[in-house]
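Open the model in your viewer and keep the sequence panel beside it. Each stop below says what to select and what you will find there.

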Amino acid sequence: MTTLGILTSSARPGRVAGPVSQWVESLAGDHFEIEHLDLAQIALPAFDEPASPKSGAEKTTAHGQAWADRVTALDALVILTPQYNGSYPGALKNAIDYLYAEWKDLPVVLVGYGWADAGEVLPLLETLMVRVDADVVASVGLGFREDLSVEGELFVREERTAALRAALETVASKVGELQSVSA
């Protein structure tokens, strides 16, 4: 079965990522094996590898290698990000910066949440993921008041649910194509 990672990027106490992650899993769980990646639990230190990830050098730290192994094991990824001050959390940027080759051609769906449907964070994160050669399939923004409360209660608009379903179908199709090419 295709492995889909759900990456929770908020590491702060009191985050509302849990219900958002459950919503994604409820739409994806029948079609994918789900692997949860929680940056609060992974707790990568500030990037400390001696070589740039783009250089192709092997990881020298146990945490860098473990992170690379987890991402390499995925067929696709959904990144959940809050919008903090118009951008993504530092923990997410750090986790992305640890890797380079592992992102190449990985089908990725971005799910942002915040005020105004996370409209500031999603374009920034898409630019970053394209920069590291990920295959950004779609972005879905959830808004406080329209889709969820600031406490994390979900009442997602149907068009957002339909957008995520369509994105996940595209991911499943892409992964199927990738697996048949590499077989």
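This is a predicted model: local features need pLDDT of at least 70, side-chain atom pairs count only at pLDDT 80 or more; totals for chains, interfaces and linings use all residues.

**Stop 1: R145.** Is R145 buried or exposed? R145 counts as exposed because its relative accessible area is 65%, and the cut-off for that label is over 50%. R145 sits in the loop between β5 and α6 (158-182). Check its backbone too: phi of R145 is near 85 degrees, a positive value in a residue other than glycine. Most residues other than glycine have a negative phi.

**Stop 2: A43.** Now select A43, where phi is also positive, near 50 degrees, in a residue other than glycine. A43 lies in the loop between α2 and α3.

**Stop 3: the sheet.** Show the cartoon and colour the strands. In what order do the strands of the open sheet run? The order is β2-β1-β3-β4-β5, five strands with parallel pairing. The edge strands are β2 (33-38) and β5, and each of them pairs on one side only. On average, neighbouring strands of this sheet are turned by 20 degrees against each other, direction ignored.

Zoom in on β1 and β2. They run parallel and are joined by six bridges. Pick G5, which stands opposite E35 in β2.

**Stop 4: β4 to β5.** Select residues 107-114 for β4 and residues 135-143 for β5. How many bridges join β4 to β5? There are eight, and the two strands run parallel. L110 stands opposite S139 in β5. Now follow the chain from β4 through helix α5 (residues 121-131) to β5: this β-α-β crossover is right-handed.

**Stop 5: S10.** Select S10, in the loop between β1 (3-8) and α1 (17-28). Its relative accessible area is 0%, so S10 is buried. Show side chains. The side chain of S10 makes a polar contact with the side chain of Y84, at 2.7 Å. Which residues is S10 in contact with, leaving aside its neighbours within four places in sequence? They are R15, D38, A40, P82, Y84, P89 and Y113.

**Stop 6: helix α4.** Select residues 90-97, which make up helix α4. Its buried residues are L92, N94, A95 and I96. These buried residues of α4 pack against β1, α2 (39-42), α3 (62-72), β3 and α5.

**Stop 7: an aromatic pair.** The structure holds two aromatic pairs. One of them is formed by F47 and Y98, so select both and show the rings. A pair of aromatic rings is described by the distance of the centres and the angle of the planes. For F47 and Y98 the values are 5.1 Å centre to centre and 75 degrees between the planes, an edge-to-face pair. Where in the chain do F47 and Y98 lie? F47 is in the loop between α2 and α3, and Y98 is in the loop between α4 and β4. The pair therefore ties together parts that are 51 residues apart in sequence.

F47 counts as partly exposed, at 32% relative accessibility. Y98 counts as buried, at 0%.

**Stop 8: K59.** Is K59 buried or exposed? K59 counts as buried because its relative accessible area is 17%, and the cut-off for that label is under 20%. Leaving aside neighbours within four places in sequence, K59 is in contact with E49, G64, Q65, A68, Y98, L99 and E102.

**Stop 9: two distances.** Select A73, in the loop between α3 and β3. A73 is exposed, with a relative accessible area of 52%. Draw a C-alpha to C-alpha line from A73 to T60: the two are 13 residues apart in sequence and 19 Å apart in space.

Finish at E159, in helix α6. E159 is partly exposed, with a relative accessible area of 49%.

Key
Residues are numbered from 1 along each chain as its sequence is written. Side-chain values use heavy atoms; hydrogens and water are left out. Two strands pair if DSSP finds at least two bridges between them. Helices (H or I, at least four residues) and strands (E, at least two) are DSSP runs, numbered from the N terminus. A crossover is right-handed if, with the strands pointing away from the viewer, the path from the first strand over the helix to the second runs clockwise. Buried means under 20% relative accessible area, exposed over 50%, partly exposed in between (1.4 Å probe, protein chains only). A polar contact is a pair of N or O atoms within 3.5 Å; within protein, one must be able to donate a hydrogen and the other to accept it, and residues adjacent in sequence count only if both atoms are side-chain atoms. Contact means heavy atoms within 4.5 Å. Axes are lines fitted to C-alpha atoms, for helices over the stretch in contact, and angles run from 0 to 180 degrees between N-to-C directions. Rings of Phe, Tyr and Trp (its six-membered ring) pair if their centres lie within 6.5 Å; planes under 30 degrees apart count as stacked, over 60 as edge-to-face and the rest as tilted.
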